[in-house]
Amino acid sequence: MKMKILFGLLVASVVSFFLGLPVDAREKEKRGPREESSSITESSGFDAGDQPQVPPGDFGIQQSCTWWWLYGQHSWSWRGIPGFFVTYNSYGKSWTEYGTSTGGCGIPLVVDRIYVQVTEYPLNSFYTSYDNTAFNTNFVDRGNSGSCFGCPNICGATSFHQATKFGITWSASARSGCATP
Amino acid sequence: MAISQPGPQKVPDLWGLAILVYAFSVIYLPACASQIHKFKLPEKLGPTDFDYELIDAFVKTGQRGILTAFNADPHMRGTRLQLSYFLEMSQAFEADFLTGNYTGEPIDYWLICLLNYRQQEFQLNGQRASAHAISIPPGNRLRYSLRLHPPGKGGHDFLLLAISRRAGSNIPNAVEFPVLSHRANIFVESRSFPPIKQATVPQRASGLRTTRVTLEPSHHRYLIHISNPSAAALRSALILFANSRQISFGALGERHWILYFNLDSKIDAAFEIEPHLQNDAEVLYAIYVQNPFVLLEPKLEVMNQIQTRVEISNFITLNANSPRQNS
């Protein structure tokens with residue numbers, strides 16, 4: 001009987017110990033699922049950059065891929081009758097690669113945080129902007145699509161691309177269509 | 001013959017032992033546990049300088065963009081991520097900010113420091129002001145030393161903003177890099193963030209799926225739009241600036257310097273604000289912060305993988321006819 005009581009007290013004390021630990025509620029932030037991009041149509045805007053070239057006279061030998069490249073790209077398209085009914089798509093992505101002086105080598109470069117933001121430009125003041133962030137990876141993308149009565153067509157877009165590693169951030173942007181100054 | 005009989009066996013005092021164990025577990029161990037979560041200054045000092053090998057890995061490519069980097073004084077005890085700093089009372093916050101302009105065009109910014117989302121005076125390269133104008137010619141990389149007066153005891157959100165001085169267009173992103181920022185926690189002998197009062201803002205199911213904060217004139221006030229298209233609710237902070245100065249504003253029946261609120265998932269929020277503008281105000285914009293007062297490094301060297309973006313609205317150029325509520 002005494003052993004049962006002792007055992008019960010031990011269990012109660014262990015439970016009390018763990019319940020008494022302070023918990024920082026802020027450390028229990030929920031993370032939403034990563035949203036996938038919509039379909040991609042023609043590319044426009046920011047060039048993905050040249051593929052690495054073999055230096056003349058060094059046939060078959062490439063420079064070592066130790067430099068860091070941030071790439072970004074966006075695209076957009078629409079169908080319909082502007083001002084009456086349009087369907088639209090847009091998409092943006094950012095990615096980082098190891099590379100050479102001439103461009104990426106296709107080797108993923110993992111960064112702490114990578115970001116893409118796309119702003120769709122219409123002919124009037126109706127703007128849609130969306131973004132996505134990814135962590136400990138080399139790629140992030142996001143798309144937007146829909147339909148709208150009475151809306152104008154998308155005529156251009158801007159995209160913003162950012163990569164952060166160890167407190168150092170590289171930011172780049174691209175513009176296309178009517179968003180180009 | 002005398003036969004000795006063993007006396008009654010002495011049973012260990014199990015009751016006493018049980019009480020001791022219980023008291024130890026319920027009283028002493030939780031007290032120790034709470035000590036674990038009390039403030040402890042990290043022993044390891046922070047990095048002594050920027051990682052120039054990493055910086056050069058980007059810069060040497062010749063790709064177009066802007067480089068920004070932040071490195072606090074080693075005695076701020078930051079990690080390589082530069083997201084958390086640990087100070088003693090009366091210790092000033094000192095750091096270097098590096099920015100490189102590889103856009104091919106000159107860039108001009110206001111540098112502004114906020115502590116818990118209130119603009120602070122700070123020294124930049126020895127000069128003290130609440131906003132410092134910097135200009136970086138194309139192809140140049142400049143380093144600035146900043147010093148902030150000692151923050152008080154507690155956990156703080158630190159925000160360094162570089163806001164484009166080329167504002168003037170109402171079109172979002174008409175300025176190529178309208179805002180650059182570095183956000184971090186500063187802990188001064190405590191990890192407790194200040195309590196905040198959250199407002200309830202009018203919300204409706206999202207139709208636009210936009211995450212940009214936009215300002216538009218509305219009658220004699222301004223309408224602010226913010227959306228949260230993600231699957232998770234978003235704690236938010238909103239502040240307003242006129243020129244390079246943070247201003248208070250009326251919203252939802254109260255006066256605010258900072259408006260804290262929650263945005264539910266897949267929600268648009270739109271509500272009117274009345275900025276308290278001075279007569280010399282030429283441009284108005286909002287700064288929106290996702291998830292204020294969170295541990296940016298829940299464990300040292302591990303980045304918190306939640307949305308902690310700092311966004312800027314479109315710039316509204318003010319004129320004589322713009323709605324004004326003079327402060």
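Let's start with strands β16 (residues 234-242) and β20 of chain B, which run antiparallel and are joined by five bridges. Strands here are DSSP runs of E, at least two residues, numbered from the N terminus, while helices are runs of H or I, at least four residues. Two strands count as paired if DSSP finds at least two bridges between them. Within this pairing, Leu234(B) has Leu263(B) of β20(B) as its bridge partner. Strand β12 (residues 198-199) of chain B also pairs with β20(B), this time in the parallel sense over two bridges, and there Gln198(B) stands opposite Tyr260(B). As for β20(B) itself (residues 259-263), four of its five residues are buried, so the strand is largely enclosed by the rest of the structure. Buried means under 20% relative accessible area, exposed over 50%, and partly exposed in between (1.4 Å probe, protein chains only).

A word on ground rules: this is a predicted model, where local features need pLDDT of at least 70 and side-chain atom pairs count only at pLDDT 80 or more, while totals for chains, interfaces and linings use all residues. Residues are numbered from 1 along each chain as its sequence is written, chains are lettered from A and ligands numbered from 1 in the order in which they are written, and side-chain values use heavy atoms, with hydrogens and water left out.

Stepping back, chain B has two helices and 25 strands. Of its 327 residues, 53% are buried. Among its contacts (heavy atoms within 4.5 Å) with a separation of 6 or more, 75% are between residues 24 or more positions apart.

Now for the greasy parts. A nonpolar core is a set of buried Ala, Val, Leu, Ile, Met, Phe, Trp, Tyr and Cys residues joined through side-chain atoms within 4.5 Å. The largest one has 39 residues, and Leu70(A), Trp170(A), Ile55(B) and Leu67(B) have the most contacts inside it. Helix α2 (residues 52-59) of chain B gives the most to this core, with five residues. In α2(B) the buried residues are Leu54(B), Ile55(B), Ala57(B), Phe58(B) and Val59(B). Their cover comes from both chains, including β1 (67-81) and β8 (168-177) of chain A and β3 (93-102) and β9 (141-148) of chain B.

Gly99(A) sits in strand β2 (residues 85-99) of chain A. Is it buried or exposed? Gly99(A) is buried, with a relative accessible area of 0%. Setting aside neighbours within four places, its contacts include Cys65(A), Trp67(A), Trp69(A) and Cys105(A). Trp170(A) is 71 residues away from Gly99(A) in sequence and 15 Å away in space, C-alpha to C-alpha.

Finally, the largest cavity: it is lined by 35 residues, with Arg113(A), Gln162(A), Ser181(B), Arg309(B) and Val310(B) nearest its centre. By class, the lining has 16 nonpolar, 13 polar and six charged residues. Here Ala, Val, Leu, Ile, Met, Phe, Trp, Tyr, Cys and Pro count as nonpolar, Asp, Glu, Lys and Arg as charged, and the others, Gly among them, as polar. A cavity is a set of points on a 1 Å grid over the protein atoms alone where a 1.4 Å probe fits but cannot get out, and lining residues have an atom within 4 Å of a point. Strand β11(B) gives the most to this lining, with five residues.

Notes: 1 Å grid on protein atoms, 1.4 Å probe; cavity = no way out; pocket = protein on both sides within 12 Å on 5 of 7 lines; lining within 4 Å.
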